[in-house]
Amino acid sequence: RDGEGLAYGNLGVAYDNLGDFKQAIDYHKQALSIAKELEQRDGERCAYGNLGNAYQGLGDFEQAIAYHNHSLTIAKELGKRDGEGSAYGNLGNAYQGLGDFDKAIEYNQKALSIAKELAQRDGEGIANGNLGNAYQGLGDLKQAIDYHKQALTIARELEQKKEEGHAWYCLGNDFELSGDLHEALNYYRLSVDVYNEVRSLLQSEDTWKIS
């Protein structure tokens, strides 16, 4: 039953990646049911988080928030700071989807704080990018630029080309919205350059082909 639960969870994630969120939800619910049956609280936490992400993919942000809150509660109960940070980030994204940018900022700030505490540079980069998007949604483009630049710095430090290309693109959006079209064009061109580098990897690296 333990292995069955893991398999259901993995199938759910695979269907998430295909964009078949309804099928993903079916598998994640079976994983959740088995985790409850076996009293595996961390398994429950993971299943709730996966369900939240799947509902987010469907655009049902309120249901996503409910599941992410369940995941957060268990993470706190188990003292799993990384799980807590992940739940805060997921909640931030869900509130962003609802257009509640203040809430998105609140939760992404918490995710950023935990990522710094745990020295998780990858998590810091994600949280900075999400904060940039939330401030962009609020129309605070100065703050958006600051956070997107921090996301860019971390992506380059970690040599994450896809994330670097996305950060350049977000900065292009920031400058376009602020009316500085010349600067926006520069950032968009840099984004294209990096994505072209990524495309070249498709010829040689299976991980990029899969992605």
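This is a predicted model: local features need pLDDT of at least 70, side-chain atom pairs count only at pLDDT 80 or more; totals for chains, interfaces and linings use all residues.
1. Helix H7 gives the most to the lining of the largest pocket, with six residues.

2. The largest pocket holds about 660 Å³ of space. It is lined by 17 residues, and those closest to its centre are Ile126, Asn130, Lys162, Glu163 and His166. By type, the lining divides into nine polar, five nonpolar and three charged residues.

3. Which helices each supply at least two residues of the lining? They are H7 (121–138), H8 (141–157) and H9 (161–177).

4. H7 has 18 residues, and the distance from its first C-alpha to its last is 26 Å, close to the 26 Å expected at 1.5 Å a residue. After H7 comes Gly139, which has a positive phi, near 90 degrees.

5. The buried residues of H7 include Glu124, Asn128, Leu131, Tyr135 and Gln136. Asn130, one of the residues closest to the pocket centre, is also buried. The cover over the buried residues of H7 includes H5 (81–98), H6 (101–117), H8 and H9.

6. Asn173 lies in H9. Is Asn173 buried or exposed? Its relative accessible area is 18%, and Asn173 counts as buried because the cut-off is under 20%. Leaving aside neighbours within four places in sequence, Asn173 is in contact with Gln136 and Tyr188. Gln136 is itself one of the buried residues of H7.

Definitions and conventions. Residues are numbered from 1 along each chain as its sequence is written. Side-chain values use heavy atoms; hydrogens and water are left out. On a 1 Å grid over the protein atoms alone, a cavity is a set of points where a 1.4 Å probe fits but cannot get out, and a pocket is an open set with protein on both sides within 12 Å along at least five of seven lines; lining residues have an atom within 4 Å of a point. Grid points are joined across faces, edges and corners, and a volume is the space filled by probe spheres set on the points. Helices (H or I, at least four residues) and strands (E, at least two) are DSSP runs, numbered from the N terminus. Ala, Val, Leu, Ile, Met, Phe, Trp, Tyr, Cys and Pro count as nonpolar, Asp, Glu, Lys and Arg as charged, and the others, Gly among them, as polar. Buried means under 20% relative accessible area, exposed over 50%, partly exposed in between (1.4 Å probe, protein chains only). Contact means heavy atoms within 4.5 Å. The expected span of a helix is 1.5 Å times one less than its number of residues.
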